[in-house]
Amino acid sequence: MADEVKTNGNGANAQQQPSLNILAQYIKDLSFENPGAPQSLQAREKAPEININVNVNANPLSGNDFDVLLTLSATAKDGDKTLFQVELVYGGVFRVAGFPQEHMLPVLFIECPRLLFPFARQIIADATRNGGFPPLLVDPIDFGQMFQQRMAEEQAKAKVQAANN
């Protein structure tokens, strides 16, 4: 038996079309702390200071499957008192096929978290609301800019290490 080779209309081998599929989404870790309750739930004159951190990691599973983790953490403070802390590690298993190698990192660190973000945002909003506070609606995140910043930091580290060797 001969192997089948797919060709396009001109007789040339056809390239595999790029595809990105979400196979699963899950909460890996969710934590909500309200250390000053019930006093922290009282009305206040000014809005609390809220600090939000975002991180993305990707790990190969097998073949074209990757586990992408989006971590969102937020801390609300009134002066030096912590009102609440919430942390979510939200994951997705993605099948990534047909992309050129140079596009793999942008797909994993920009497109995959972009697809996970709306679900993670809703979980954070529900957790803060269920904790007695107004829902925390995290502003949209520019994962492209975040990726570029991370790549620039990696290049700077590599230059420093090269200079020290």
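Modeller: Let's start with Val96, which sits in strand β4. Strands here are DSSP runs of E with at least two residues, helices are runs of H or I with at least four, and both are numbered from the N terminus. Keep in mind that this is a predicted model: local features need pLDDT of at least 70, side-chain atom pairs count only at pLDDT 80 or more, and totals for chains, interfaces and linings use all residues. Residues are numbered from 1 along each chain as its sequence is written, and side-chain values use heavy atoms, with hydrogens and water left out.

Val96 has a relative accessible area of 2%, so it is buried. That word means under 20% relative accessible area, while exposed means over 50% and partly exposed is in between, using a 1.4 Å probe and protein chains only. What does Val96 touch, leaving aside its neighbours within four places in sequence? Its contacts are Ser19, Leu20, Asn64, Phe66, Met104, Val107 and Leu108, where a contact means heavy atoms within 4.5 Å. Leu136 is another story: it is 40 residues from Val96 in sequence, and their C-alpha atoms are 32 Å apart.

β4 covers residues 81–97 and pairs with β3 in the antiparallel sense, over 14 bridges; two strands pair if DSSP finds at least two bridges between them. Across this pairing, Leu69 has Gly91 in β4 as its bridge partner. The two strands form a hairpin with two residues between them, where Gly79 takes a positive phi near 70°.

On its other pairing, β3 runs antiparallel to β2 (residues 49–62), with 13 bridges joining them. Leu69 turns up again here, with Asn57 standing opposite it. Thr71 in β3 is the bridge partner of Asn55. β2 and β3 make a hairpin too, with two residues between them, and Gly63 in that turn has a positive phi of about 55°.

How buried is β3 as a strand? Ten of its 14 residues (65–78) are buried, so β3 is largely enclosed by the rest of the structure. Thr71 is a handy example: it lies in this strand and counts as buried at 18% relative accessibility. Not counting residues up to four places away in sequence, Thr71 touches Asn53, Val54, Asn55, Glu87, Leu88 and Val89.

On to the charged pairs. The whole structure has four salt bridges, each being a side-chain nitrogen of Lys or Arg within 4 Å of a carboxyl oxygen of Asp or Glu. One of them joins the side chains of Asp65 and Arg95, at 2.7 Å from N to O. Asp65 is in strand β3 and Arg95 in strand β4, so this pair ties together parts that are 30 residues apart in sequence. Asp65 is buried, with a relative accessible area of 12%, whereas Arg95 is partly exposed at 38%.

Arg114 counts as partly exposed at 44% relative accessibility, as does Glu111 at 30%.

Arg44 also takes us to the largest pocket. Of the 15 residues that line this pocket, Arg44, Pro48, Phe84, Phe133 and Pro134 lie nearest its centre.

Definitions and conventions
On a 1 Å grid over the protein atoms alone, a cavity is a set of points where a 1.4 Å probe fits but cannot get out, and a pocket is an open set with protein on both sides within 12 Å along at least five of seven lines; lining residues have an atom within 4 Å of a point.
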